[in-house]
Amino acid sequence: MKDNDITRKIMNYYCLSVCKTMNQVPFSGRHWMEQIVFGTTQYLIDKYWDNSILASKKPIEISRAFLNILDRENLLHAADYRLEESGNGLLVSVPTSKCVYREYSLRAREEGLPLNYCIRLGTLQAILHHVLGENYSSSVEVAENGFCYGKLFPATRPKEEIVTREGHMLKIAGRRAVLFPQETYASLLISIKEHAPHVLEHVLFDAGYQSGLSLAHKVKVLYPEPQECLQLLLEEINNQGLGKAELISVSLPRTRAKIRCYESFQVAVANEYGQLYRTPQVICDLLRGFFAAYLSVIFEKEIICEEMVCQSMGADYCEFLALPLPKKLSGGRKPRGQKIK
Ligand SMILES: [Zn+2]
């Protein structure tokens, strides 16, 4: 296949367009991008692959055999790819100018598409999964020296998408979820505010805490490493449209974390429907509940979370501080609504 071959151009434009679309899909576009590449590779495997060509089932041999097939079919030159074993994984490097997907890759970065997904590595993940039945993760760096350096390594757990659709049901971490407009949430709040304003803060915190616990337990099974688990949970805050959450700092030994959230949906509700409380105060108690639950599960101890500043009071963002529940407050009681005075 020549560089200016229109088939290659179409292939790159197609990938670019899929990447652009996936970037707009709620709920983890990278996951769906991977699924598309896996699905495409599976068709190739069905047509061209035969396990009997393998002398052994080492990842390096499987990958080399797969590249040789693509070479035989004139898609690439297998000799351009350097493969090297690294522990249980594989290092893959190729001159960037030799990659058939380079136009997609370069333009995706130029256009600021954040998925950073290498299609060639994706196809190798798919063939490794097909032959070995194991899941591999990948990462890639496009270096200044004109080479792409990729890594393939066994995934510790099968990666699952947190938000899924099963038939007509939407699910978050395997539990039924619903998607409704902000107005529904605002109406609930306004109703509670009218009839029982004194419970509002506690109700919101508790709702966040309870629902945050089940999600955090599920994600922790998939991602046991604490920081990775927390990042995933914060991504879910973004995926679900609750705000743009960002981890500022985390200390595992001290079991503390600082989280910022931009454009909290609770601030948006207050801006549109009026303040919930008579005196100005921080208002993102549902998010506070989520974060307290996430960190209680991750740190395996009771964690409370305070909102230190809130965008609804003129700050540039909401900032949350999570820390262990002081012993004098724990005393066997449920801590969820507690605030440190
Ligand atoms: Zn806030």
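**Strand pairing and helix packing in the predicted model**

Strands β9 (residues 256–262) and β11 (residues 318–324) run antiparallel and are joined by 5 bridges. Within this pair, C261 faces C318 of β11 as its opposite residue. Strand β11 is also joined to β10 (residues 303–309), again in an antiparallel manner, here through 6 bridges.

The secondary structure of the chain comprises 11 helices and 11 strands. Taken along the principal axes, the C-alpha atoms fill a box of roughly 70 × 45 × 40 Å. Of the 341 residues, 30% count as buried. Among contacts in the chain with a separation of 6 or more, 55% come from residues 24 or more positions apart.

A further set of strands forms an open sheet: 3 strands in the order β5-β6-β7, with antiparallel pairing. Strands β5 (163–166) and β7 (175–177) lie at the edges and have a single partner strand each, so one side of each is left without a neighbour in the sheet. Direction ignored, neighbouring strands of this sheet are turned by 45 degrees against each other on average. The antiparallel pairing of β5 with β6 (residues 169–172) is made by 4 bridges, and T164 has K171 in β6 as its bridge partner.

Turning to the helices, two packed pairs can be described. Such pairs are characterised by the angle between the helix axes and by the distance between those axes. Helix α7 (residues 200–222) packs with helix α10 (residues 285–299) at an angle of about 35 degrees, and their axes are 6 Å apart. The crossing in which α7 passes α10 is right-handed. On the α7 side, the residues in contact include L204, F205, G208, L213 and A216, while those of α10 include L286, L287, G289, A292 and V297. By class, this contact has 14 nonpolar, 4 polar and 5 charged residues.

The second pair is formed by helix α6 (residues 182–195) and helix α9 (residues 265–273), which pack at an angle of about 70 degrees with their axes 10 Å apart. Angles of 65 to 115 degrees count as roughly perpendicular, and α6 and α9 are therefore roughly perpendicular to each other. Here Q182, Y185, A186, L189 and I190 in α6 meet F265, A268, V269 and Y273 in α9. The contact of α6 with α9 has 8 nonpolar residues and 1 polar residue, and no charged residues.

Most residues other than glycine have a negative phi. N74, although not a glycine, has a positive phi of about 70 degrees. This residue, N74, is found in the loop between α3 (59–72) and β1 (82–86), and N74 counts as exposed because it has 10 C-beta neighbours inside 10 Å. T255 likewise has a positive phi, near 50 degrees, in a residue other than glycine. T255 is found in the loop between β8 (244–251) and β9. With 19 C-beta neighbours inside 10 Å, T255 counts as partly exposed.

Methods. Residues numbered from 1 in each chain as written. Predicted model: local features only at pLDDT ≥ 70, side-chain atom pairs only at ≥ 80, totals over all residues. Axes fitted to C-alpha atoms, helices over the stretch in contact; angles between N-to-C directions. Helix = DSSP H or I, 4+ residues; strand = E, 2+ residues; numbered from the N terminus. Left-handed = near helix turned anticlockwise from the far one by under 90°. Contact = placed C-beta atoms within 7 Å. Nonpolar A, V, L, I, M, F, W, Y, C, P; charged D, E, K, R; others polar. Pairing = 2+ DSSP bridges. Parallel < 35°, antiparallel > 145°, perpendicular 65-115°, else oblique. Buried ≥ 20, exposed ≤ 12 C-beta atoms within 10 Å, placed from the backbone.
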